[in-house]
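Notebook open; today I go through one structure, element by element. The model and its sequence go in below, then my entries.

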Amino acid sequence: MIRRFDQDIIVSLIPEGSRVLDLGCGSGDLLIKLKQKGTSDIRGVEIDDRCIAVCVRKGLTVFHGDIDEGLGDYDDASFDYVVLNQTLQVVHRPTLVIEEMLRVGNRAIVSFPNFGYFRIRGYLLVKGQMPKVDFLPRDWYDTPNIHLSTIADFKEFCRTRKIAIERLIGLRSCATGKTVKRFQNLLSQVGIFVITAGREP
Amino acid sequence: MYVLDALPQTHSYSFEALELDCGRTFSPVTIAYETYGRLNAAKDNAILLLHALSGSAHAGFVNDKGEHGWWEDFIGPGRALDTDRYFVICSNVLGGCGGSTGPASVDPATGRPYGLSFPVITVGDMVRAQKHLVDSLGIRALLAVVGGSIGGMQALQWAVDYPEAVRSALILAAANRLSAQGIAFNEVGRQAIMADSCWQNGDYYGGIPPRTGLALARMIGHITYLSEESMHEKFGRALKGVNGYHYRFSEDFEVESYLHYKGSRFVERFDANSYLYITKAMDYFDLPDLASIKSKMLVISFSSDWLFPPAQLKLLVRTLRRKRKDVTYCDVQSSRGHDAFLLDVAPLTELISGFLENVAGQL
């Protein structure tokens, strides 16, 4: 249930009738919400075969594979939105994934746990150990997260690659859905970015 | 406990004139088939199941001869092809030897079996013959076409050739073309049959069939249906006897004995010429143009399948999704190689029943 509000926010960012590709779609909860809203063509990519079976039962169109394999077979601008919800931190080649998202989609929505959150900073400062908090609960040796970053990191990533940030939503907590307007890198547990390649859509 | 009204029976449907890809018009044609479950009043709950190289129309349940269906665990109430909901049809392919017209059938013009005068057929021809059968049952659109291996090729051909008559296509362990490796294995199998002196240029009916050649073809084929891992698990280097090596060229290892058994069982029920014709149809199969497809598709590969490796199925899926076809893909983790589409009941049932439920729900 921890991911409910980030999903709701992402659904609210995507207009009806959009073509959407969800990378790392899990059991398809976000795709189902989008389907209920009324999108024209929605697809998911997921690496876990048990999740694929769940998605199939829900009637979703999904591809069993690794996001890192790239989206090479899709034409440019095949989708209105490509979503990477809380998955950026586990991909092996984040730059390639983001570039591909922006190529096949007119817009990309990227959300990730914000390592700049004050409790994480405090944890490292006080304990001197890899931070473990409710939204990042795993030990350093037991986590799939290999590319953790902060909201400030991702802003810089976009700036150096001339990626335009259309919107940034700082989420104080996925559980309450409360958003943060100021000091987002300090006060947000999750950052949600809407980005474009900077070209004219 | 589910009790069938009657044991499954093989029916047959005959018709005149089938246009073949080779340019000939072939006549007459008989297609053997079995059905399970009931066709509903709207005639929209029919699933056409397509068998692989060595299969037959007898897919489900146990028949009056005590023979098990080749996909028995997938057919029946509550199973992947739920006979409480769906009407399942399985027919023997054109060119086969399970009741449908093939090289062993009698040519009415000569009163003798066709042998090699039987035309070389394609997967497209097989499907065209099946369409006659489906039409004869008054079914305008199939809820699904389902098949593995060359059955999966047929399912894909159905989706391409009859987009309005196929609501969904389930393609297991098959791609839109056979690889060079697949053609190579088929050719070695055919050469084994044709090198058998009993083969007599295909004209062995009434005499001794080329048992040795056909058994050898089956042994070669069977190796490609397994995986290195499954062979290791099943046999390892286990010896047949307890006394160590024989120091003779007889069966020492369990795996040899298994292959011999598979080969000898196969010649009891299969016609060598059918083997030639069906493998040739597989070799010719190549569908580069998938644009006409309208069906919802489920494509399933098996991680240890080296006859139709996951990468090849992924390529098919990538082509389809690039054309914005409604295609779902799953690579089932399995050590059982190509044969997994016959054996991995639990994961396949989950995927297939979930998929069909949604297709049926959209009616």
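**Confidence, chain A.** I looked up pLDDT, the predictor's confidence in each residue on a scale from 0 to 100. For chain A as a whole the mean pLDDT is 93, with 97% of its residues at 70 or more. Helices and strands here are DSSP runs numbered from the N terminus, helices being H or I of at least four residues and strands E of at least two.

**Ground rules.** This is a predicted model, in which local features need pLDDT of at least 70 and side-chain atom pairs count only at pLDDT 80 or more, while totals for chains, interfaces and linings use all residues. Residues are numbered from 1 along each chain as its sequence is written, and chains are lettered from A and ligands numbered from 1 in the order in which they are written.

**Helix α4 of chain A.** I checked which residues of α4 (residues 94-104) are buried, meaning 20 or more other C-beta atoms within 10 Å of their own; 12 or fewer is exposed, in between is partly exposed, and C-beta atoms are placed from the backbone. The buried residues of α4(A) are Pro94(A), Val97(A), Ile98(A), Glu100(A), Met101(A), Leu102(A) and Val104(A). Their cover includes β1 (19-23), β4 (79-85), β5 (105-113) and β8 (190-196) of chain A.

I noted two residues of chain A with positive phi. Gln86(A) has phi of about 55° and is not a glycine. Gln86(A) sits in the loop between β4 and α4 of chain A and counts as buried because 21 other C-beta atoms lie within 10 Å. Lys162(A), also not a glycine, has a positive phi near 55°. Its place is the loop between α6 (151-160) and β6 (164-171) of chain A. Lys162(A) has 9 other C-beta atoms within 10 Å, so it is exposed. In chain B I found a cis peptide bond between Ser27(B) and Pro28(B), with omega about -10°. Pro28(B) is in the loop between β3 (25-26) and β4 (29-36) of chain B.

I took contact to mean C-beta atoms, placed from the backbone, within 7 Å. By that rule 15 residues of chain A are in contact with 19 residues of chain B. On the side of chain A that touches chain B, α3 (49-57) and β3 (61-64) of chain A each supply at least two residues. The most comes from α3(A), with five residues. I sorted by class: Ala, Val, Leu, Ile, Met, Phe, Trp, Tyr, Cys and Pro as nonpolar, Asp, Glu, Lys and Arg as charged, the others, Gly among them, as polar. This side of chain A has six nonpolar, four polar and five charged residues.

**Domains of chain B.** Chain B is divided into domain 1 (11-179 + 286-361) and domain 2 (182-281); the bounds come from an automatic or database domain assignment. Their C-alpha centres lie 25 Å apart. The contact takes 29 residues from domain 1 of chain B and 23 from domain 2 of chain B. On the domain 1 side I listed 16 nonpolar, 11 polar and two charged residues.

**Core.** A nonpolar core is a set of buried Ala, Val, Leu, Ile, Met, Phe, Trp, Tyr and Cys residues joined through C-beta atoms within 7 Å. The largest has 155 residues, and those with the most contacts inside it are Ile47(B), Leu49(B), Val145(B) and Ala169(B). Domain 1 and domain 2 of chain B both give residues to this core, so it lies between them. Leaving out residues up to four places away in sequence, Ile47(B) touches residues including Leu81(B), Tyr86(B), Phe87(B) and Val146(B).

**Strand β13 of chain B.** Seven of the seven residues of β13(B) are buried. Lys296(B), Leu298(B), Ile300(B) and Phe302(B) are on one side, with Met297(B), Val299(B) and Ser301(B) on the other. Strands pair if DSSP finds at least two bridges between them. β12 (residues 168-172) of chain B pairs with β13(B) in the parallel sense over five bridges, and Ser168(B) has Lys296(B) as its bridge partner. β14 (residues 327-332) of chain B runs parallel to β13(B), joined by six bridges; there Met297(B) stands opposite Val327(B).

Key:
Two residues are in contact if their C-beta atoms, placed from the backbone, lie within 7 Å.
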